[in-house]
Amino acid sequence: MIVAPHLTWAPAWLSDHNAQRLLQIAVLSIIALAVLLSPRLRNDWLRACVTLPPSARWLLLAALIAGIISSAVAPSPRHAFLDVALHVLIFGLVIAVAQARRALGGRADVLILSLLTLSVALYLVRFVSGYLAVLMVGEPLPVRELFSGFSNVRSFNHYLTWLLPLLAAAAGLRTLPRGAVLTLLGGCWMLLLATDSRGGLLAVGAGAVFVFACFGRAAAPWLVLQFKAALAGAVAYGVMFYWLLPASGGIAERLAHVTEDPARLALWQVAVRMIVDNPALGVGPMHFAYYPNGIAAGPHNSVLQWTSEWGAPATLALLIVLFWGMYAWCRQVRSAADVGQTDGVTAVRIGLTASMATAAAHSLVSGITGSPVSQLLAVLVVGWAIGIYSFASHEAPRHSHSLGTHLLFATAALLTLLLLWRGAVPDLEAWRREQLSGQDVPRSSATRLRYEPRFWLQGLIGDAPYDETQAVATPPDRH
């Protein structure tokens, strides 16, 4: 998380998005290989899986089987199995993070929050340095150009969605300088406003409402910190982008038209049509991107994306696990707060709750579930929460698993890695050849002037619209 937003060393042909995706693939592959090659790590991982309730394991397995069947009959099985492999490895890394949190205990909370705070601090310094350089030149301010390290400012917005709630938790830890963290939190609110993201701003508000509804007075310190930081960030944003060096547009103008979004509505209509036509198995994992629509390679709604691609049964199984997990987590956090656990522990748990709730709300109007940095942050936050949660009635057995279990796990892990690399490498190599030769990457039939990110920066994997009557016009650049 420190490295991903600062990949300035990546070659120009690769792009920030693709560099971050390669970093994600490397992290997933290294962890998977470490578990494969180490019997002790493998046994620890299997024991961690056993701590999950049997119903959750069976539902996740059912979703996986549905995804595999859907991939086998999809128009491009290579891309479909790539998406399945990616999600399997993400789940594996979530379990690994949870196991690491259990092993390290409270030290992990301080370590993770310190590293995340450092990552955000480094980015804020880069942003302010760029702003001051533009201010000295005195030319019109290209706000989006200041968000370096991301191919699209929306991807940076996803990064903030996960981290903004956690920074308020970091301020509650005595091991970190409270004043510095509060200053940094105010700077993050300024960055959030500068991204002009209505969805991100509304999602943070939804996360705040959720933690207040769940925890009441126990969430008051976290809410007060966020409110103070939001005020400071709004003042800084006003001074920087309305007074010193006015920028065109702005979050106020975007919020004035919060209900006007024909492009997103068109994406949802395409997704609904796919669901109606393919309710059981969907059109195939990653296959919303197989049918260009002139706007995006995903529907900007996590539920519609999963249902249209993986099918309704797989989505229902996943939603049951997510809703049950969130309910059980909030109930345990509330109980811990009621018995008077230390402020630092409560702050971390409330911050994790707010982070997950904010990201969930944002996923209903954005592509937060698809960007590589956001996926790694999801792994960290969800795995962190699972590691803290006490599965009192589902303790893992202390004995080692059988040789057959180890062989089955190793075979599945190796196959998953092969599917990941087999699916990812050809498209990246094609991108490299086209960029170095000066050719353009194939666009959709709408002859786009910009990319449609999904797995890679150019996320399209097909060239014919799902239904010619559903084709839509090219939207304004702000979408």
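Is Met286 buried or exposed, and what is its relative accessible area? Met286 is buried, with a relative accessible area of 2%, where buried means under 20% relative accessible area, exposed over 50% and partly exposed in between, using a 1.4 Å probe and protein chains only.

The model is predicted, so local features need pLDDT of at least 70 and side-chain atom pairs count only at pLDDT 80 or more, while totals for chains, interfaces and linings use all residues. Residues are numbered from 1 along each chain as its sequence is written, and side-chain values use heavy atoms, with hydrogens and water left out.

**View 1. Two loop residues with positive phi.** Met286, in the loop between α11 (262–277) and α12 (302–310), has a positive phi of about 70° although it is not a glycine. Asp196 lies in the loop between α7 and α8 (198–215), and its phi, near 60°, is likewise positive in a residue other than glycine. Asp196 is buried, with a relative accessible area of 18%. Helices (H or I, at least four residues) are DSSP runs, numbered from the N terminus.

**View 2. The packing of α7 with α9.** Helix α7 (residues 178–194) packs with helix α9 (residues 220–244) at an angle of about 55°, their axes lying 7 Å apart; axes are lines fitted to C-alpha atoms over the stretch in contact, and angles run from 0 to 180 degrees between N-to-C directions. The two helices are therefore oblique to each other, since angles under 35 degrees count as roughly parallel, over 145 as roughly antiparallel, 65 to 115 as roughly perpendicular and the rest as oblique. Residues of α7 including Leu182, Trp189 and Leu193 meet residues of α9 including Ala229, Tyr237 and Phe241, contact meaning heavy atoms within 4.5 Å.

**View 3. The packing of α2 with α16.** Helix α2 (residues 39–51) and helix α16 (residues 403–436) pack at an angle of about 95°, with 11 Å between their axes, which makes α2 roughly perpendicular to α16. Pro39, Arg42, Asn43, Trp45 and Leu46 of α2 make this contact with Thr405, His406 and Phe409 of α16.

**View 4. The largest nonpolar core.** This core, a set of buried Ala, Val, Leu, Ile, Met, Phe, Trp, Tyr and Cys residues joined through side-chain atoms within 4.5 Å, has 111 residues, and Trp189, Phe241 and Leu352 are among those with the most contacts inside it. Helix α6 (residues 153–171) gives the most to this core, with 12 residues. Leaving aside neighbours within four places in sequence, Leu352 is in contact with Leu166, Trp329, Val381, Trp384, Ala385 and Ile388.
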